[in-house]
Amino acid sequence: MHNFVILFEEKEGTSPVVRLLDNFDEISIVHQVEEGWEPFNAHNAGALSDADFGRCLDIVWGPQPIDLERLNAIYTPTSTAPLAEITPGSAVGFKMRFQSTERQGRSLGTLLTPSRKKSTAHQQYREMMFGRMGAHDVVVFMAVRQDVFRWALSKYHGDGTGKRGHLQFKLASGEITRDDIAGITVDCEQFETLVADCEQRHARKRALIDDLAAAGIGTGVLRYEDFLADKQRYFGDLLDAIECPTSSESIDSALTAGTELEKVHSEDISDFVTNHEEVMERFSHRFVRW
């Protein structure tokens, strides 16, 4: 079996994916006790240094059983909570932001993608991560949402008030109900900028995947549309990519165990977009195929 990491950005469906993966006996998703499903981004890990991050990776992707006490001795001095136990004999993975904001801190994609603008520290980080992933035979999955139109629309809707946020988590916590989600009117000029940005993000993701493959690091693509269409096949393909033996019964069991998260937006955007005809006419063709 291979260990793995899932690179993602917001609104790509990875929150339910990692929670469902954690239902498999054969897989351990690294996360904090209770929550903290992005364990190595700054809002969970705090000011964890690159050197200590590398030491954590050597432990979680290293020989099992994992020394959780040693791992948390490195991790908890800066983190918001300790890491949960990791099942011996399992494939170990976690998700991490492809693009980071200042608040989220460290990401793989931002620092791994080469650029003349990157500092020496960024280049050293890239070399450290490529080295760790190669040494531990890690598969790097890139989460993508090919339907750029609906990806951008989900970002535009945000927390339902025009601000950044995640309705999915508010619904799951009971903070709001579906009846509380108000419709929106899309400013098409502003939305064009957001759609174009999403397309550029796809290009950066593809560049990083190409670099990883050229370095001999295993890669895979996790398409949001595949997850929606056939979860049994989606997880079967994912487990095949990390050479993790499984069965349709095991996948069914993990899916039945479920997750508290549910899809927010209907495929019919008229349910929440007041000027849906204009928006569909101008943007519904925007799609980046992987």
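This is a predicted model: local features need pLDDT of at least 70, side-chain atom pairs count only at pLDDT 80 or more; totals for chains, interfaces and linings use all residues.
# Notebook: helices, loops and buried residues

**Entry 1, helix α7.** I listed the buried residues of α7 and found Val 148, Phe 149, Arg 150, Trp 151, Ala 152, Leu 153, Ser 154, Lys 155, Tyr 156 and His 157. Buried means under 20% relative accessible area, exposed means over 50%, and partly exposed is in between, with a 1.4 Å probe and protein chains only. Helices (H or I, at least four residues) and strands (E, at least two) are DSSP runs, numbered from the N terminus.

Residues are numbered from 1 along each chain as its sequence is written, and side-chain values use heavy atoms, with hydrogens and water left out.

I noted 13 helices and 5 strands. The protein has 290 residues, and 51% of them count as buried. I then looked up contacts, where contact means heavy atoms within 4.5 Å. Among contacts between residues at least 6 apart in sequence, 75% join residues at least 24 apart.

How many disulfides does the structure hold? It holds 0, a disulfide being a pair of cysteine sulfur atoms within 2.5 Å. Cys 56 has a relative accessible area of 0% and is buried. Cys 244 is at 3%, so Cys 244 counts as buried.

From α3, the contact uses Asp 50, Phe 53, Gly 54, Arg 55, Leu 57 and Asp 58, and from α6 it uses Tyr 125, Met 128, Met 129 and Arg 132. I sorted these residues into 5 nonpolar, 1 polar and 4 charged. Ala, Val, Leu, Ile, Met, Phe, Trp, Tyr, Cys and Pro count as nonpolar, Asp, Glu, Lys and Arg as charged, and the others, Gly among them, as polar.

Is the crossing left-handed or right-handed? The crossing is right-handed. A crossing is left-handed if the near helix is turned anticlockwise from the far one by less than a right angle, and right-handed if clockwise. Arg 126, Phe 130 and Met 133 of α6 meet Leu 208, Asp 211 and Leu 212 of α9. By class, this contact has 4 nonpolar, no polar and 2 charged residues. I also wrote down a general point: an α-helix has 3.6 residues a turn, so residues three or four places apart point the same way.

At 46% relative accessibility, Ala 215 counts as partly exposed. Ala 215 and Phe 130 are 85 residues apart in sequence, but 7.8 Å apart in space, C-alpha to C-alpha.

I looked up two residues other than glycine with a positive phi. Lys 11 has a phi near 70 degrees and sits in the loop between β1 (4-8) and α1 (14-21). Its relative accessible area is 14%, so Lys 11 is buried. Asp 137 has a phi near 55 degrees and lies in the loop between α6 and β4 (139-144). Asp 137 is partly exposed, at 46%.

Which residues does a cis peptide bond join? It joins Gln 64 and Pro 65, with omega about 0 degrees. Pro 65 lies in the loop between α3 (50-60) and α4 (68-75). Leaving aside neighbours within four places in sequence, Gly 89 is in contact with Gln 64 and Met 1. Gly 89 lies in the loop between α4 and β3 (91-97) and, at 59% relative accessibility, counts as exposed. Gly 89 and Glu 26 are 63 residues apart in sequence and 7.4 Å apart in space, C-alpha to C-alpha.
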